[in-house]
Amino acid sequence: MDAQDSKPDNRRKLFKRAAIATLIGGIAAGIGFKAYAQGDGCGWHRCGHAAGSLDPAAIDQHLDRALKHLYVEIDATEEQKQKLEPIVKQAAKDLLPLRDKARAARKQGIELLGAERIDRGAIETLRAEQIQLAEQASKRFTQALADVADVLTPAQRKQIAERMESFGRRWRHG
């Protein structure tokens, strides 16, 4: 009976860890999307995450600024700062080509839609390619998320989770 009693606790712990990892990933995604929005003179909210080409120096500058804010929020140690920066910056560099592919696919989709005749085969091929692209991005993002979670303490992860929860309430207006 003791083994059965411990299973729900293990599941709860696993669920809590997954939830925390997801929230940390949300922060990393927010950093990445805001960095992507900096292309072609677009501000934070004016052009969206898929606007224009990106200057790698601008991405690095934005990530540095965002990481500094994160470090203050979680009271990061120097050792954590040294570990987090390369994780986040490498993930952004790895995801950048996927962003370019998504932009090209959007353009192709618009062309397919505006064609004289609808090519269902081409539309299906484009859809399948986009699913593969999303899968690649998801895998890379999840890897970065786990790497970031490994660097943080449980208290820091909890602090980030609480912050993300307050962001969610603000967006839902409730």
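Visitor: Let's start with I123. Buried, partly exposed or exposed?
Guide: Partly exposed: I123 has a relative accessible area of 37%. Keep in mind that this is a predicted model.

Visitor: Why does I123 count as partly exposed?
Guide: Because its 37% falls between the 20% limit for buried and the 50% limit for exposed.

Visitor: Where is I123 found?
Guide: In helix α4, which covers residues 120-151.

Visitor: And which residues make the nonpolar surface patch?
Guide: I123 together with L113 and I118. The patch comes to about 300 Å².

Visitor: Switching topic: how many helices and strands?
Guide: 5 helices and 0 strands, so the pattern along the sequence reads α-α-α-α-α.

Visitor: How far does α2 reach?
Guide: Helix α2 runs over residues 56-74, and its 19 residues reach 27 Å from first C-alpha to last, close to the 27 Å expected.

Visitor: Which of its residues are buried?
Guide: I59, H62, L63, A66, L67, L70, Y71 and I74. In an α-helix, residues three or four places apart point the same way, because there are 3.6 residues a turn.

Visitor: What comes just after α2?
Guide: D75, with a positive phi of about 55°.

Visitor: Last one: what share of the contacts between residues at least 6 apart join residues at least 24 apart?
Guide: 71% of them.

Conventions: Residues are numbered from 1 along each chain as its sequence is written. This is a predicted model: local features need pLDDT of at least 70, side-chain atom pairs count only at pLDDT 80 or more; totals for chains, interfaces and linings use all residues. Side-chain values use heavy atoms; hydrogens and water are left out. Patches are made of residues with over 30% relative accessible area and no salt bridge: like charges are joined within 9 Å, nonpolar side chains (Val, Leu, Ile, Met, Phe, Trp, Tyr) within 5 Å. Accessible areas come from the Shrake-Rupley method with a 1.4 Å probe; for residues, only the protein chains shown count as cover. A salt bridge is a side-chain nitrogen of Lys or Arg within 4 Å of a carboxyl oxygen of Asp or Glu. Helices (H or I, at least four residues) and strands (E, at least two) are DSSP runs, numbered from the N terminus. Buried means under 20% relative accessible area, exposed over 50%, partly exposed in between (1.4 Å probe, protein chains only). The expected span of a helix is 1.5 Å times one less than its number of residues. Contact means heavy atoms within 4.5 Å.
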